[in-house]
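Subject: Structure handover

Hello,

Here is the structure I said I would pass on. My notes on it follow below.

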Amino acid sequence: MAREDFYETKNGRTSFFDGGLLQFIGWSILGILVTVVTLGICYPWALTMIYGWKINHTVIEGRRMRFNGSAFGLFGNWIKWLLLIIITLGIYSFWVFIKLEDWKARNTTFVH
């Protein structure tokens, strides 16, 4: 079977996002509720839940992406980053966004 046989398309396009608005609203509300109810402790879980939804609904050049990250894995990094922010009197907070994007990329693969 040729590699092209595995490619997904939507309306003739090989790169697309197939998530829906109601799904996004639902996952976002759930993430906010979980974060608020747990006083922020489960924020990494909310992030991984939203990242998973976005990435798992993304197809690039016919290849569906898959998010493999876990809240537990992110939580360990979150604690490390928090300690570095405290030690550096907040300076490390400028790097947290970059570290988070790197973690997200390391935990993203293609299905095929």
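Before the annotation, a caution: UniProt annotations may be inferred rather than shown by experiment. The model itself is predicted.

The unreviewed UniProt entry places the feature "transmembrane region" at residues 21-46 and 78-98. In the model, residues 21-46 are 81% helix and 0% strand, with 18 Å between the end C-alpha atoms. Residues 78-98 are 76% helix and 0% strand, and their end C-alpha atoms are 13 Å apart.

Helix 1 covers residues 21-37, which is 17 residues. From first C-alpha to last, helix 1 reaches 24 Å, close to the 24 Å expected at 1.5 Å a residue. Just after helix 1, leucine 39 has a positive phi of about 55°.

There is also an open sheet of 4 strands, in the order 1-2-3-4, with antiparallel pairing. Its edge strands, strand 1 (16-17) and strand 4 (108-110), each pair on one side only. Strand 2 pairs with strand 3 (residues 63-67) in the antiparallel sense over 2 bridges, and isoleucine 60 stands opposite arginine 63 of strand 3. Helix 2 (residues 43-56) packs on this sheet and touches strand 1, strand 2, strand 3 and strand 4. The direction of helix 2 makes about 170° with that of strand 3.

Is threonine 58 buried or exposed? Threonine 58 counts as buried because its relative accessible area is 16%, and the cut-off is under 20%. Its side chain reaches the backbone oxygen of lysine 54 at 2.7 Å. Leaving aside residues up to four places away in sequence, threonine 58 touches Phe16, Phe17, Arg63, Arg64 and Met65.

Regards

Technical notes. Residues are numbered from 1 along each chain as its sequence is written. This is a predicted model: local features need pLDDT of at least 70, side-chain atom pairs count only at pLDDT 80 or more; totals for chains, interfaces and linings use all residues. Side-chain values use heavy atoms; hydrogens and water are left out. The expected span of a helix is 1.5 Å times one less than its number of residues. Buried means under 20% relative accessible area, exposed over 50%, partly exposed in between (1.4 Å probe, protein chains only). A polar contact is a pair of N or O atoms within 3.5 Å; within protein, one must be able to donate a hydrogen and the other to accept it, and residues adjacent in sequence count only if both atoms are side-chain atoms. Contact means heavy atoms within 4.5 Å. Two strands pair if DSSP finds at least two bridges between them. Axes are lines fitted to C-alpha atoms, for helices over the stretch in contact, and angles run from 0 to 180 degrees between N-to-C directions.
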